[in-house]
Amino acid sequence: YYPSESLASLDNPQIFAKMDVDTLFYIFYYQPGTYHQYLAARELKKQSWRFHKQYLTWFQRHSEPQTITDEYEQGAYVYFDWEGSWCQRRKNDFRFEYRWLEDN
């Protein structure tokens, strides 16, 4: 009942720029280890989302951080709650340590 192969058109990176953020999150979390996951992650990063390796969650600045050091930044962030209710939530006074930032 479900396709066993993905559409060839989804291999085009330009298609991912047209997808909404929920679709990108779906592809990222439900197609692990695939080229599509890579393309979704790349597009999320273009939209200023940052992946936190400890929490395995995407974060985006809600506003400019209150504190920025060489090791972390702290402030209000929006994160994608993929395990709970599949929505974006706000986290105030969050410390994003750069050591947990996925930069590839």
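Q: Which side chain does histidine 36 make a polar contact with, and at what distance?
A: In this predicted model, the side chain of histidine 36 is joined to the side chain of aspartate 11 by a polar contact of 2.9 Å.

Q: And what else does histidine 36 touch, leaving out residues up to four places away in sequence?
A: Besides Asp11, the residues touched by histidine 36 are Ser6, Leu10, Phe16, Ile27 and Gln31, with residues up to four places away in sequence not counted.

Q: Is histidine 36 buried or exposed?
A: Histidine 36 is buried, because its relative accessible area is 7%, and the cut-off for that label is under 20%.

Q: Where is histidine 36 found?
A: Histidine 36 lies in helix α3, which covers residues 35-46.

Q: Zooming out, how many helices and strands are there, and in what order do they run?
A: The chain has 3 helices and 5 strands, and from the N terminus on its elements follow the order α-α-α-β-β-β-β-β.

Q: What share of the chain is buried?
A: Of the 104 residues in the chain, 33% are buried; as for the surface, the accessible area of the chain is about 7200 Å², and carbon and sulfur atoms account for 48% of it.

Q: How about contacts between residues 24 or more positions apart?
A: Among contacts in the chain with a separation of 6 or more, 41% come from residues 24 or more positions apart.

Note on methods:
Residues are numbered from 1 along each chain as its sequence is written. This is a predicted model: local features need pLDDT of at least 70, side-chain atom pairs count only at pLDDT 80 or more; totals for chains, interfaces and linings use all residues. Side-chain values use heavy atoms; hydrogens and water are left out. Helices (H or I, at least four residues) and strands (E, at least two) are DSSP runs, numbered from the N terminus. Buried means under 20% relative accessible area, exposed over 50%, partly exposed in between (1.4 Å probe, protein chains only). A polar contact is a pair of N or O atoms within 3.5 Å; within protein, one must be able to donate a hydrogen and the other to accept it, and residues adjacent in sequence count only if both atoms are side-chain atoms. Contact means heavy atoms within 4.5 Å. Accessible areas come from the Shrake-Rupley method with a 1.4 Å probe; for residues, only the protein chains shown count as cover.
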